[in-house]
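Q: Can we go through the ligand site in this one? I'd like the surroundings and the contacts, then a look at salt bridges.

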Amino acid sequence: MTSLFQDDLNTAMESMAKGGAFLTVSDGERTNTMTIGWGYVGHQWQMPVFVALVRKSRYTYEILEKGTEFTVSIPVLGTMKKALGICGTTSGRDGNKFEKAELTLSPGKTVGVPVIAGCGNYMECRIVYRQDMVPSQLDPALREVHYEKKNNDYHTLYFGEILQSY
Ligand SMILES: Cc1cc2nc3c(=O)[nH]c(=O)nc-3n(C[C@H](O)[C@H](O)[C@H](O)COP(=O)(O)O)c2cc1C
């Protein structure tokens with residue numbers, strides 16, 4: 001893989017935070033993608049890691065609970081807006097989002113989960129740790145705004161070893 005600390009990592013993270021990225025998951029039977037805006041890259045356990053935050057209400061969560069890998073496809077900021085909108089507002093439970101959003105899949109280089117063609121940045125990850133948020137540990141103001149006002153729909157954090165980034 002190319003270095004984690006490449007110059008365009010900042011650009012990619014900014015694109016994800018401002019415009020969104022595709023988090024694609026598969027459990028061998030079901031494959032789905034959803035738009036994410038939260039997530040981060042870091043270094044721990046002597047490996048590069050991407051952390052995705054997925055609320056329990058998502059179909060993606062259901063699949064991740066059975067799967068072992070995920071991919072992150074980050075479009076260049078300002079591109080693929082329509083597809084990011086569709087994948088961020090509709091659920092894979094209600095139909096095939098790849099078709100709805102007219103997305104083309106490319107096979108992962110090292111994982112069984114595909115990436116979304118046409119995005120500038122990709123990460124292929126193997127899940128090495130999962131962590132449910134613990135409400136009592138969260139700052140009360142953040143808890144109120146982000147969870148208590150949203151049906152207590154807490155995130156699970158998925159830590160993926162970045163096996164490939166390109
Ligand atoms: C810009 C944007 C960013 C989003 N970021 C996240 C995120 O980081 N985590 C999350 O759980 N949901 C996030 N969502 C919401 C999911 O994409 C949305 O609920 C989606 O319909 C879930 O699809 P699924 O049920 O097929 O998994 C975001 C939505 C948008 C539009």
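Q: How do the residues of the shell around the ligand divide into nonpolar, polar and charged?
A: This is a predicted model. In it, the shell around the ligand has 9 polar residues, 7 nonpolar and 3 charged.

Q: Which of the 19 residues around the ligand come nearest?
A: Thr-35, Thr-60, Thr-90, Ser-91 and Gly-92.

Q: What lies 2.6 Å from an oxygen atom of the ligand?
A: A polar atom in the side chain of Thr-60.

Q: And the backbone, what does Thr-90 do there?
A: A polar backbone atom of Thr-90 is 2.8 Å from an oxygen atom of the ligand. Trp-38 also has a backbone N or O atom 3.3 Å from a ligand oxygen.

Q: How much of the ligand's accessible area does the protein cover?
A: On its own the ligand has 660 Å² of accessible area, and the protein covers 80% of that.

Q: Which pocket does the ligand sit in?
A: The largest pocket.

Q: Which elements give two or more residues to the shell?
A: Strands β2 (31–36) and β4 (47–55), plus helices α2 (59–64) and α3 (81–89). The largest share comes from β2, with 4 residues.

Q: Switching topic: how many salt bridges does the count come to?
A: The count comes to 8. One of them joins the side chains of Arg-30 and Glu-62, at 3.5 Å from N to O.

Q: What does that pair tie together?
A: Arg-30 is in the loop between β1 (21–26) and β2, while Glu-62 is in helix α2, so the pair links parts 32 residues apart in sequence.

Definitions and conventions:
Residues numbered from 1 in each chain as written. Predicted model: local features only at pLDDT ≥ 70, side-chain atom pairs only at ≥ 80, totals over all residues. Heavy atoms only, no water. Near = heavy atom within 4 Å. Polar contact = N/O pair within 3.5 Å; in protein donor to acceptor, adjacent residues only side chain to side chain. Areas by Shrake-Rupley, 256 points an atom, 1.4 Å probe, with all protein chains shown as cover. 1 Å grid on protein atoms, 1.4 Å probe; cavity = no way out; pocket = protein on both sides within 12 Å on 5 of 7 lines; lining within 4 Å. Sits in = over half its atoms within 2 Å of the grid points. Nonpolar A, V, L, I, M, F, W, Y, C, P; charged D, E, K, R; others polar. Salt bridge = Lys/Arg side-chain N within 4 Å of Asp/Glu carboxyl O.
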